[in-house]
Amino acid sequence: MKNNRLIITLIALFLLGFGLKAQTASTEETAAQKEKRMEWFAQAKLGIFIHWGIYAVNGVSESWSFFNNYLPYEEYMAQEKGFTASAYNPQEWVKLIKESGARYTVITTKHHDGVALWDTKAGDLSTVKSTPAGRDLIAPFVKEVRKQGLKLGFYYSLLDWSHPDYPNKTRTEVRYKNDPDRWAKFVKFNFGQLSELNKTWKPDLYWFDGDWEQTAEAWDSKGIINLLRSTNPNVIVNSRIQGYGDYATPEQGVPVVRPADKYWELCMTMNDSWGYQHADTNYKTPFMLLRTFVDCLSMGGNLLLDIGPKEDGTIPAEQIAVLKEFGRWTKKHKEAIYETRAGIPCEHFQGYTTLNKAGDILYLYLPYKPNGPIEVKGLVNKVNRVWVVGNGAMLPYKVYNKNYWSEVPGNLYIDIPERVQDEQITVIAVLLDGPIKLYRGVGQVIESN
């Protein structure tokens, strides 16, 4: 009898253990599940970043201006009195963002200065409680983003240099060191604000910042992810959360080589500033920014292009002009943008390239006026046809240097008449006889018999 009970107990424990393992396995995301969750991000290609806060009043560097002691903290925070949002029109904002060809947008819900743009109950600093704007600025923006069919991203600063329980205040001033009770209060505050954002709006993406000042354990990065995904399971998170993110976020300079991460996004300003600065007129041209965009596309990444509205909520004319030119170019070349993946190695073509999903259409981006035919090297495939994207014109092409005795393919040359060239960047589509095959050797010499 005792033996029977022992056997029954062992079987029960085994089944219980199996069940627990199965339950654990079911909660772990597989590579296929992550790919499905990241699908919209991988296809979005272009996003618009929005840095908006009290720093736009005097046009100073957002948060960093007081942290680096360029001006006193009290003077920085006095900008709260001038932040009105009096001309804020989220409908027009989102309409313009959508017109640019962007598929998602990321807005600063709170920067390092701690001033929240929504009606937070977790803290006292917000546009509702602390500024003449006197209202929640996130809620109407979210409503328009959802209405106009874009994906929604929230920027959130993990650190808060204004919070009384955060250890650092400026580069030279700290509130405390090694005080677990105060730190626990701050972590509770962070979780409180993130819980508000997540339960109220369930954004498609979180763009964290400021993680460098603490460890993953201190932030409780794993707990943050669990909190967000408990009610928002498909949410995407950027890399700035100490090892718990979904994609890399290089900043300003275009990567020279493709980042190691499968998913990545370059965030970049139009001028030299994230937020609005009155004196910063050093704007990049639409051509420079579009060239950056196709550079990202060629390496399988996205571009998150920044705008900085003024304190009243109007967007500077220079930024509007850039967004509209992006809109013209992306609308014309959409087939070569949203359904593409990283292109071929740069040795094969003097320019940027992408491929369609099937790999049988090679897109060539020309950020220059060609002085004669363009050349593609090492293409093993037969070419079926070549055309100008957004124009439809068929282009003549010819293969040179193909020898019957050699496995080395010839050089493909394509004529690009001036009449078909885009004013910014021309895109050429090359239809192949199957998925692309490239010769990656060093060439071959004839051997005598």
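**Entry 1, the chain.** I began with contacts (heavy atoms within 4.5 Å): of those with a separation of 6 or more, 69% are between residues 24 or more positions apart. I noted that this is a predicted model, where local features need pLDDT of at least 70, side-chain atom pairs count only at pLDDT 80 or more, and totals for chains, interfaces and linings use all residues. Residues are numbered from 1 along each chain as its sequence is written, and side-chain values use heavy atoms, with hydrogens and water left out.

I looked up the secondary structure and found 13 helices and 15 strands. These are DSSP runs numbered from the N terminus, with helices being H or I of at least four residues and strands being E of at least two. Along the principal axes, the C-alpha atoms fill a box of roughly 85 × 85 × 40 Å.

I then checked burial: 53% of the 449 residues count as buried (under 20% relative accessible area, 1.4 Å probe, protein chains only).

I located threonine 249 in the loop between strand 5 (236–237) and strand 6 (265–268). Threonine 249 counts as buried because its relative accessibility is 8%.

Leaving out residues up to four places away in sequence, I found that threonine 249 touches Trp207, Asn238, Ser239, Arg240 and Glu265.

I looked for polar contacts (a pair of N or O atoms within 3.5 Å; within protein, one able to donate a hydrogen and the other to accept it, and residues adjacent in sequence counting only if both atoms are side-chain atoms). The threonine 249 side chain makes one with the side chain of serine 239 at 3.2 Å, and one with the side chain of arginine 240 at 2.9 Å.

Conventions
Buried < 20%, exposed > 50% of the residue type's maximum accessible area, 1.4 Å probe, protein only.
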